[in-house]
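Trainee: Hi! Could you walk me through this one?
Mentor: Happy to. Here it is.

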Amino acid sequence: MNQELDKIIILDFGAQYSQLISRRIRELSVFSEIIPYSSTIEQIIQKKPKGIILSGGPASVYEKNAPQIDPEIFKLGVPVLGICYGMQLMCKVFGGQVQKASKREFGLAQLKIKDTEGLFSELSSGLSVWMSHGDQVTRVPKQFKVLASTTNCLFAAIEHFEKKIIGIQFHPEVIHTEHGEKIFENFTYKICKCSKSWTMNRYEKSAIIDIRNKVGSRRVLCAVSGGVDSTVTAVLIHKAIGAQLTCVFVNNGLLRMNESRLVQEIFKKMKIKVYYLNAEKIFLNNLKGVIDPERKRKIIGKTFIQVFEMFLKNLKNSKKDFEYLAQGTLYPDVIESVAINGPSSTIKSHHNVGGLPRKMNFKLIEPLRELFKDEVRRLGINLKISSELLFRQPFPGPGLAVRILGEITSEKLKVLRLADLIVQEELQNWNEYSKIWQSFAILSSNRTVGVMGDERTYESACVIRAVHSTDGMTANWVRIPYEYLERISNRIINEVRGINRVVYDISSKPPSTIEWE
């Protein structure tokens, strides 16, 4: 099917944002695919791309084992856009010079555009763009002209005089770059001449066919949590194979207040049978004494598999029937856990990716693995899932385990659940609540001195976190009005025993992550 579509190929050099580039292209209704930077010319030609994008990456082009590219790519007659490392590598191939920047650039910069044709068509002469680099081009190849500059980066955008080969030092894929979507639109439509042929309807049909072909007559066990990802996964697979799907909800003891009851009600309304397993004691026992967040995630992932396998032993003929375990894994989980296509840096292991045991009795089926959250929601709309469920705030797979710093205990979970409930109750009264990507409480491992009723207290500090985002890859902290923060703070300190101080996190992603662990 993909051979029939106009497509853009992204060569991945290990950028954390590679899939974000792909998503920006797909938002334009054009199919995009990420492949390793080491792909051969023959493999690239076989894809029949109408454009190629070279991603950023953590390496320096002048390092000994830095990822390289086959120069023949620039002879295919296909437009090429190099972003950050991709631009630097492009310059190296064409005889330019790349060096460590005298002043590193991480954050917003003002771009002055000298040529408003082509890539910058229909844009003003000045843009605010997102930079993230320690190296930069210090000499442009003689075949290239300069399109734009910043105060710290003289060659922020360049273009080959004769060929449609363009390099940019900034990142148009992140939401911080002003009119980044227009830059991709110009590259995709004006330069690559792509047509709009990729839609979520097409993705749904393709996914259903893939699921049926993969599963055949066998059965699938699907882990559901009541969150957007696992719910869309379950409904999609149910549409593909019907009664061959068995859904299981595991109460791991790390859920929000009243979550267990809510999940069961959600699936009852959708007429999808769900088995309920209370495994709280097993999870908390396995997490006892564990402080390191990476160990927490891996233990949770391993315990989920153990619980599923225990469940199957109690089902008749389950050993020969159940071969697949379905999960609502999204691509942000993947790229933050492992390097899939390139030499990317691991940010953290997600319980359902890097946290899974190497040996297990299931084959995984993850139909959303290449999608971002907003795409999953669009797919959910196609599947006629209620908007009330689809637009719930994301909740991490490891649950409150990654919002309690330090050891997990039943008492700490009770404290955090109540604090988190207060955050939600108060923010839901704000008319901007629906625009928040995530808002939640974190129980710090730090204890602080306080005074309550003329007596000294020495209790935990609670951190409030709220962010705006569209994909979870980047995020800005929410400017919550002081009166709401005041009410949240007063209620938590007065109503939650064990907390005597409330602070608000005003960090963005990057450099921080949305969750603390």
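Mentor: Let's begin with a term: a salt bridge is a side-chain nitrogen of Lys or Arg within 4 Å of a carboxyl oxygen of Asp or Glu. Glu-323 forms one with Lys-363, where the closest N and O atoms are 3.5 Å apart.

Trainee: What should I know about the model and its numbering?
Mentor: This is a predicted model, where local features need pLDDT of at least 70 and side-chain atom pairs count only at pLDDT 80 or more, while totals for chains, interfaces and linings use all residues. Residues are numbered from 1 along each chain as its sequence is written, and side-chain values use heavy atoms, with hydrogens and water left out.

Trainee: Which strands do Glu-323 and Lys-363 lie in?
Mentor: Glu-323 lies in strand S13 and Lys-363 in strand S14, so the pair ties together parts that are 40 residues apart in sequence. Strands here are DSSP runs (E, at least two residues), helices are runs of H or I with at least four, and both are numbered from the N terminus.

Trainee: Is Lys-363 buried, exposed or partly exposed?
Mentor: Lys-363 is partly exposed, with a relative accessible area of 43%. Buried means under 20% relative accessible area, exposed over 50%, and partly exposed in between (1.4 Å probe, protein chains only). Glu-323 also counts as partly exposed, at 24%.

Trainee: What is the order of the strands in the sheet?
Mentor: The open sheet has 5 strands in the order S12-S11-S10-S13-S14, with parallel pairing. Two strands pair if DSSP finds at least two bridges between them. S12 (274-278) and S14 (363-365) stand at the edges with a single partner strand each, so one side of each has no neighbour in the sheet.

Trainee: How many bridges join S10 to S13?
Mentor: There are 4 bridges between S10 (residues 219-224) and S13 (residues 322-326). Leu-221, for example, has Leu-325 in S13 as its bridge partner.

Trainee: Back to salt bridges: how many does the structure hold?
Mentor: It holds 28 salt bridges. One of them joins the side chains of Glu-323 and Arg-218 (3.5 Å, N to O). That pair links distant parts of the chain, 105 residues apart, with Arg-218 in the loop between helix H5 (200-215) and S10.

Trainee: And what about Arg-24 and Glu-27?
Mentor: Their side chains meet in a salt bridge at 3.3 Å, N to O. Arg-24 counts as buried at 8% relative accessibility, whereas Glu-27 is partly exposed at 36%.
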